[in-house]
Amino acid sequence: MRDNMHYQFPDNFWWGSASSAPQTEGESLNFGKSETIWDRWFREQPGRFHQQVGPQTTSTFYQHWREDIALLKRTGHNSFRTSISWARLLPNGRGEPNPQAVAFYNQVIDELLAQGITPFINLFHFDMPMCMQEEGGWESREVVAAYADYAETCFALFGDRVAHWFTFNEPVVPVEGGYLYDFHYPNVVDFKRAATVAYHTMLAHAEAVRRFRRWQQQPQAHTDAQIGIILNLTPSYPRSQNPADVKAAHIADLMFNRSFLDPALRGHYPDDLVALLKAHGQLPECRDGDRELLAGGVVDLLGINYYQPRRIKCRDSLVNPDSPFMPEWFFESYEMPGRKMNPYRGWEIYEPGIYDILTNLRENYGNPRCFISENGMGVENEQRFLQQGQIQDDYRIAFVREHLTWLHRGIAEGSRCLGYHMWTFIDNWSWCNAYKNRYGLVQLDLASQQRTVKKSGEWFAATAANNGFTDTTNTSEGEAS
């Protein structure tokens, strides 16, 4: 790390954070909201959730939205991403909107704008309404159609004030968690069904984009309206340049990155991914019109969630032919010696990955308009770092600072990256991990619901105010000890 380097970001750079309805709103079965897959799973198997804390116990944004938006302003946000809950807005999955939900989201959007914070609204963040899951979830084309109707309802209700829309957050995660690796509901382990879910998700995305393009022609649409998707891009690095390792990393990249990135930016799937799945009898059913629909789903803006790299090597052993077909038939994970780790999340910290993503997009995907839509560090038991009433999270500041230096380099080389959003604004509920790891710029006391800005929140506010920072360090503090 070089001493006394100043990193200035482009004018009108987006400084902010991301959150989601199911992780922050609370009131998961109140005010007209229906059950999601998370409410059902927690009711059926509470033991699979950390300390048996379920989706009803979140950071109470539904009750404290005005206070929280004031804290967004205080921590330097000029933009903020959250999601709309499909189950709250349309409790039956279809039909007339819930008026209590419409009022709530109108209040949030209007207050964000009043505080000078641009709302970025995502339509789906892992929270399938249970009534839709009972119809087959993303395995059902009827649910795809219902989602498109829901998206169109959102555009009509809020599109006069919201200019930045996103169809999905990390669509690969429900595929991995729900249909491959058993860490999300419905806990299926079946690659063919997973491929169908992934394919239908991108059909739903493309149909929502088509509805959005139609909405854009309406006189009440926001004049700067644009639509995108949020993808968690995890660069796949081979253990070596041995052709077997390179091929293994390429297949991992196809399955976990390009299966969503290519249709979102190119309007079609990679030929070698299609050929691989066809060879193993794993292709989903394709229908007339699908190709044309996907071609029209190219986004205006790409959100990039980056947390860790993927290290890959070729398999050292033969696959059990009786085992379920899985991505790991083609590769294995590799633990790079000397890697820097976040021990609480079990994730490698590799800051240059954010630069490599931007470089790949610039060189291979036409340099799309994009932004870092999530980047952050979760730490367990942050109370250890409480001094005089404030969490002294220097490790988080170092984490963000190091990633921003590589982001700055990518922008300097021509990448069209327009902003940087943290995960997340306030400590929130995180799926099966509940509050085990804290990510926020703001500390949340669960017992009292008191909010307190951490040291990182102050640093972030200063960085946003200055549209950059001067780095006077000569070490890279990636871990909390």
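Reader: What makes E7, E9 and E10 a sheet, and how is the pairing described?

Author: In this predicted model, where local features need pLDDT of at least 70, side-chain atom pairs count only at pLDDT 80 or more, and totals for chains, interfaces and linings use all residues, the three strands form an open sheet in the order E7-E9-E10, with mixed pairing. Residues are numbered from 1 along each chain as its sequence is written, and side-chain values use heavy atoms, with hydrogens and water left out. Strands (E, at least two residues) and helices (H or I, at least four) are DSSP runs, numbered from the N terminus. Strand E7 (236-238) and strand E10 (332-333) are the edges; each has a single partner strand, so one side of each lacks a neighbour in the sheet.

Reader: What makes H10 a helix that lies across E7 and E9, and at what angle does it run to E7?

Author: Helix H10 covers residues 243-266 and lies across both strands, at about 170 degrees to E7. The angle refers to axes, which are lines fitted to C-alpha atoms (for helices over the stretch in contact), and runs from 0 to 180 degrees between N-to-C directions.

Reader: Which strands make up the closed barrel, and what is their pairing?

Author: The barrel has eight strands in the order E2-E3-E4-E5-E6-E8-E13-E17, with parallel pairing. From one strand to the next the twist averages 25 degrees. H10 also packs on this sheet, where it touches strand E6 (226-232) and strand E8 (301-305), and its direction makes about 165 degrees with that of E6. E2 and strand E17 (residues 417-422) pair in the parallel sense over four bridges, and Trp-15 stands opposite Tyr-420 in E17.

Reader: Why is strand E4 described as largely enclosed?

Author: Buried means under 20% relative accessible area, exposed means over 50%, and partly exposed lies in between (1.4 Å probe, protein chains only). Four of the five residues of strand E4 (residues 118-122) are buried, so the rest of the structure largely encloses this strand. Five bridges join strand E3 (residues 79-83) to E4 in parallel, and Ser-83 has Asn-122 of E4 as its bridge partner. E4 pairs in the parallel sense with strand E5 (residues 164-169) over three bridges, with Asn-122 opposite Phe-166 in E5.

Reader: Why is Glu-374 called buried, and what does UniProt list for it?

Author: Its relative accessible area is 4%, under the limit for buried residues, so the term applies. Glu-374 is in strand E13 (residues 370-374). The unreviewed UniProt entry lists Glu-374 under "active site"; such positions are given in the numbering used here, feature names are shortened, and annotations may be inferred rather than shown by experiment.

Reader: What makes the approach of Glu-374 to Asn-305 a polar contact?

Author: A polar contact is a pair of N or O atoms within 3.5 Å; within protein, one must be able to donate a hydrogen and the other to accept it, and residues adjacent in sequence count only if both atoms are side-chain atoms. The side chains of Glu-374 and Asn-305 meet this at 3.1 Å. Contact in general means heavy atoms within 4.5 Å; leaving aside neighbours within four places in sequence, the contacts of Glu-374 include Arg-81, His-125, Glu-170 and Trp-423.

Reader: Where is Ser-19, and why does it count as buried?

Author: Ser-19 is in the loop between strand E2 (14-18) and helix H1 (21-24). Its relative accessible area is 4%, so Ser-19 is buried. The side chain of Ser-19 makes a polar contact with that of Thr-82 at 3.3 Å.

Reader: What makes a set of residues a nonpolar core, and how many residues has the largest?

Author: A nonpolar core is a set of buried Ala, Val, Leu, Ile, Met, Phe, Trp, Tyr and Cys residues joined through side-chain atoms within 4.5 Å. The largest has 141 residues, and those with the most contacts inside it include Trp-86, Leu-407 and Tyr-420. Helix H9 (residues 191-216) gives the largest share of this core, 14 residues. A second, separate core of six residues includes Trp-14, Phe-166, Leu-301 and Phe-371.

Conventions: Pairing = 2+ DSSP bridges.
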